[in-house]
Amino acid sequence: MFGERRDEALPLYNAVVTRGRAEHWYVAGAVPDTVDGRFDMIAAVLAMVLLRLETQPEAAALSAHLTERFVDDMDGQLRQMGMGDIVVGKHIGKMMSMLGGRLGAYRDGLAAGDLMPALVRNLYRGDAPAGEATAHVAAALTALRTDLDAMPLDRLTAGELP
């Protein structure tokens, strides 16, 4: 019963991962193409989607299931890298804390009209690239967040992203 409900978030989660792995983030945005960089980019896209979902009370279950999908995926990725149960649990806890911190930082950055400080701290882990890379990522994430507002919940649930 609960598994079926969790499955409703799979199309949206797959769309988030696909968007987070888009080449432009790593080329024009200079996001490091590493395990950490990919995690950070997927978490940034996921944060934009979760921030959109929090605007609709009826999306609370989808938001929870989407977050559970993220945890399941990260758990599987860590295990594929050879980490054991005890280490995986600690890493998952740390990743969830990081996601929560990013949600707050990106929410505040969007409200202030400036994602740059949050991106430097969270996506680039304090080491911003030279040039317009950060501006590219900030503009693309801001546009994604804005465009998500126009997406009906049923289309998001179906895995459509603007």
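Helices (H or I, at least four residues) and strands (E, at least two) are DSSP runs, numbered from the N terminus. The structure is a predicted model, in which local features need pLDDT of at least 70 and side-chain atom pairs count only at pLDDT 80 or more, while totals for chains, interfaces and linings use all residues. Residues are numbered from 1 along each chain as its sequence is written, and side-chain values use heavy atoms, with hydrogens and water left out.

**Figure 1. Overview of the protein chain, whose elements run α-α-α-α-α-α-α-α-α from the N terminus on.** The secondary structure comes to nine helices and zero strands. Of the 162 residues of the protein chain, 42% count as buried, where buried means under 20% relative accessible area, exposed means over 50%, and partly exposed lies in between (1.4 Å probe, protein chains only). The chain exposes about 8,100 Å², of which carbon and sulfur atoms supply 56%; accessible areas come from the Shrake-Rupley method with a 1.4 Å probe, and for residues only the protein chains shown count as cover. Among contacts (heavy atoms within 4.5 Å) between residues at least 6 apart in sequence, 64% join residues at least 24 apart.

**Figure 2. The largest nonpolar core, with 48 residues.** A nonpolar core is a set of buried Ala, Val, Leu, Ile, Met, Phe, Trp, Tyr and Cys residues joined through side-chain atoms within 4.5 Å. The members that touch the most other members are Met41, Leu53, Leu66, Tyr106, Leu119 and Leu141. At least two residues of this core are supplied by each of α2 (10-20), α3 (23-26), α4, α5, α6 (85-112), α7 (116-122), α8 (133-149) and α9 (153-157), and the largest share, 13 residues, comes from α4. For leucine 66, leaving aside its neighbours within four places in sequence, the residues in contact are Ala9, Leu12, Tyr13, Leu46, Val49, Leu50 and Leu53.

Figure 3. Because phenylalanine 39 lies in helix α4 (residues 35-53) and phenylalanine 70 in helix α5 (residues 60-80), the pair ties together parts that are 31 residues apart in sequence. Phenylalanine 39 and phenylalanine 70 are both buried. Helix α4 itself is mostly covered, with 16 of its 19 residues buried. From its first C-alpha to its last, α4 reaches 27 Å, close to the 27 Å expected at 1.5 Å a residue, the expected span being 1.5 Å times one less than the number of residues.

**Figure 4. The salt bridge between arginine 102 and aspartate 40.** A salt bridge is a side-chain nitrogen of Lys or Arg within 4 Å of a carboxyl oxygen of Asp or Glu, and by this rule the count comes to eight salt bridges. The side chains of arginine 102 and aspartate 40 meet at 2.7 Å, N to O, and the pair links distant parts of the chain, with arginine 102 in helix α6 and aspartate 40 in helix α4, 62 residues apart. Both arginine 102 and aspartate 40 are buried. A network of salt bridges links Asp36, Asp40, Arg102 and Arg125.

**Figure 5. Salt bridges of arginine 145 with aspartate 149 and of glutamate 160 with arginine 155.** The closest N and O atoms of arginine 145 and aspartate 149 are 2.7 Å apart, and both residues lie in helix α8, four residues apart, about one turn of the helix. Arginine 145 counts as buried because its relative accessibility is 12%, whereas aspartate 149, at 46%, counts as partly exposed. In the bridge of glutamate 160 with arginine 155, the closest N and O atoms are 2.9 Å apart. Glutamate 160 is partly exposed, with a relative accessible area of 36%, and arginine 155 is partly exposed with a relative accessible area of 36%.

**Figure 6. Positive phi values at alanine 30 and arginine 125.** Most residues other than glycine have a negative phi. Alanine 30, although not a glycine, has a positive phi of about 55°; alanine 30 lies in the loop between α3 and α4 and is partly exposed, with a relative accessible area of 30%. The phi of arginine 125 is also positive, near 50°, and arginine 125 has its place in the loop between α7 and α8, where at 40% relative accessibility arginine 125 counts as partly exposed.
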